[in-house]
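Here are some notes to read alongside the sequence and the 3D view. Take them in order, and keep the structure open as you go.

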Amino acid sequence: HAMPDLIRALPKAELHLHIEGSLEPELMFRLAKKNNVAIPYDSIEDVRRAYNFSNLQSFLDIYYAGANVLQTQDDFYDLTWAYIEKCLENNIVHTEIFFDPQTHTERGVPFSAVIGGIKAALADAHSQHGITSCIIMCFLRHLSEADAFATLEEALPYKDDIIGVGLDSSEVGNPPSKFAAVFKAAAEHGFKLVAHAGEEADFSYINEALDLLNIHRIDHGVQSIHSDTLMLRLKDTQMPLTVCPNSNIELRVFDHYDQHNIKDLLDYGLNVSVHSDDPAYFKGYLNQNFTNLCDHLPLSADDVVTLVKNGFRSAFIDDAQKAAYL
Ligand code: HPA
Ligand code: ZN
C-alpha cells in the first residue's frame with residue numbers, strides 16, 4: 001500500500017494532543033495500583049469496552065476519571081514518555097502538547113509536579129531523539145473564568161515552559177465569550193492563544209473565538225463548513241484548523257470517515273492539518289488518523305503531503321525549522 005508507506009515516511013508535526021488523552025489502559029492500571037486509586041474497571045478489556053462514546057461529554061466523564069490515577073511528578077513523566085515512544089513509532093518530529101492543569105490541581109496534585117514531569121520527559125525526548133516540543137496549558141471551559149484566572153496566576157512561575165493557553169472540555173453552553181478577559185490577560189503575558197471551537201457547538205463559537213479571544217489557531221473547527229462567510233474568512237487569513245478525525249468519529253461529530261468534511265475544507269483552500277486529540281481513547285495515534293481518512297475519502301498523495309505540511313506551517317516553531325519540512 002503506497003499511502004500508508006507515504007504516511008509513515010513523512011515526518012509529522014502534532015499540534016492537537018491532550019497528554020491526559022494518551023494515557024493507555026495498561027499505564028492506567030499500573031498507576032492505579034501504585035497510587036491506590038480506585039478505577040471502575042476490572043480488566044484492560046473492561047476499559048476498552050467502556051470506550052464507546054455517544055458525544056463529547058460521555059468521553060470527558062471517562063477521561064477525567066482516568067486522569068485520577070496521575071498523582072506524582074514521576075507519573076506525569078511516565079505518561080509523557082509513553083507518548084514520546086508513540087511519536088517515534090509515528091514519525092512525529094515536533095509535538096505541541098496540551099495539558100489540563102485544573103484536572104490535577106483540583107485533586108491536590110501540585111502544578112509543579114504536573115509541569116515538571118511533562119517537561120522532563122520532553123527534555124529527554126529532545127536530547128535522546130531530537131524531538132522538539134512545546135507545552136500548551138488549557139483552561140477547562142466548564143469551570144468559571146475566575147478559576148481560569150487563578151490557573152493563569154499559578155502558571156506564571158512556569159511561563160518560560162508554557163508557550164500558550166488553550167480552551168477545552170464541554171463546549172456547548174460554554175462559549176468563548178466566557179473567557180474573553182482571561183485570554184486577553186494571557187496575551188498580555190505573552191502566551192500564544194488557541195481554543196477548541198466548532199467541534200460540537202455550531203460555527204458561531206468559531207466566530208467568537210476569532211473575534212473575542214484573538215486566537216492563533218482553531219482546534220477542530222469542522223463546523224465552519226456551515227457558514228460561507230466564515231469559510232471565506234478562514235481561507236483569506238489561512239487560520240489553522242487542527243482537525244482530529246478519529247476523535248470526530250468516536251465522539252459522533254460525523255457518522256463515519258466517509259462523512260468527514262476534511263477533504264472539503266482542504267479543497268476549499270483552508271489551512272487544515274491532521275492530529276490525534278486523545279489517541280488512547282480514540283483507537284489510534286497520528287498515522288492511524290491519516291490511514292483511516294485515506295481508506296474512506298478520495299485523498300490524493302498530494303493531499304496527504306499538504307495536510308502534513310500544514311502541520312508545520314501552523315506550528316509554533318521558527319521559520320528555519322519550518323523550512324526544513326516545507
Ligand atoms: N474536546 C474538548 N475537550 C477535550 C477534548 C476534545 O476533543 N479532548 C480532551 N479534552
Ligand atoms: Zn482536543
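1. Start with the surroundings of ligand 1. Sorted by class, its shell holds one nonpolar, five polar and four charged residues. The residues around ligand 1 are His18, Gly21, Leu56, Asp168, Ser169, His196, Glu199, Ser247, Asp277 and Asp278. Please keep in mind that this is a predicted model.

2. In the fold, glutamate 199 sits in the loop between strand S5 (192-197) and helix H10 (204-213).

3. Is glutamate 199 buried or exposed? Glutamate 199 counts as buried because it has 24 C-beta neighbours inside 10 Å, and the cut-off for buried is 20 or more. Once neighbours within four places in sequence are set aside, its contacts are Leu56, Glu171, His220, Val222 and Val253.

4. Histidine 220 lies in strand S6 and has a positive phi of about 75°, although it is not a glycine. Histidine 220 counts as buried because 28 C-beta neighbours fall inside 10 Å.

5. You will find asparagine 214 in the loop between H10 and strand S6 (217-220). Why is asparagine 214 called partly exposed? Asparagine 214 is partly exposed because 13 other C-beta atoms lie within 10 Å.

6. Next, turn to the strands. Strand S1 (residues 12-18) runs parallel to S2, and five bridges join them. Within this pairing, alanine 13 has histidine 94 of S2 as its bridge partner, and leucine 17 stands opposite isoleucine 97 in S2. S1 is mostly covered, with seven of its seven residues buried.

7. Strand S2 (residues 92-99) is likewise mostly covered: eight of its eight residues are buried. Besides S1, S2 pairs with strand S3 (residues 132-140), in the parallel sense and over six bridges. Here phenylalanine 99 stands opposite methionine 137 in S3.

8. Which residues touch the most other members of the largest nonpolar core? They are Phe99 and Ile118, in a core of 82 residues. Leaving out neighbours within four places in sequence, phenylalanine 99 is in contact with Ile19, Glu20, Val114, Ile118, Ile135, Met137 and Cys138. There is also a second, separate core of five residues, which includes Ala13, Leu15, Ala315 and Ile317. As general background, nonpolar side chains in soluble globular proteins tend to be buried together.

9. Finally, have a look at alanine 301, in helix H15 (residues 301-313). Alanine 301 counts as exposed because it has 12 C-beta neighbours inside 10 Å, and the cut-off for exposed is 12 or fewer. In sequence, alanine 301 and methionine 3 are 298 residues apart, yet their C-alpha atoms are 6.9 Å apart in space.

Methods:
Residues are numbered from 1 along each chain as its sequence is written. Chains are lettered from A and ligands numbered from 1 in the order in which they are written. This is a predicted model: local features need pLDDT of at least 70, side-chain atom pairs count only at pLDDT 80 or more; totals for chains, interfaces and linings use all residues. A residue is near a molecule or strand if its C-beta atom, placed from the backbone, lies within 6 Å of it. Ala, Val, Leu, Ile, Met, Phe, Trp, Tyr, Cys and Pro count as nonpolar, Asp, Glu, Lys and Arg as charged, and the others, Gly among them, as polar. Helices (H or I, at least four residues) and strands (E, at least two) are DSSP runs, numbered from the N terminus. Two strands pair if DSSP finds at least two bridges between them. Two residues are in contact if their C-beta atoms, placed from the backbone, lie within 7 Å. A nonpolar core is a set of buried Ala, Val, Leu, Ile, Met, Phe, Trp, Tyr and Cys residues joined through C-beta atoms within 7 Å.
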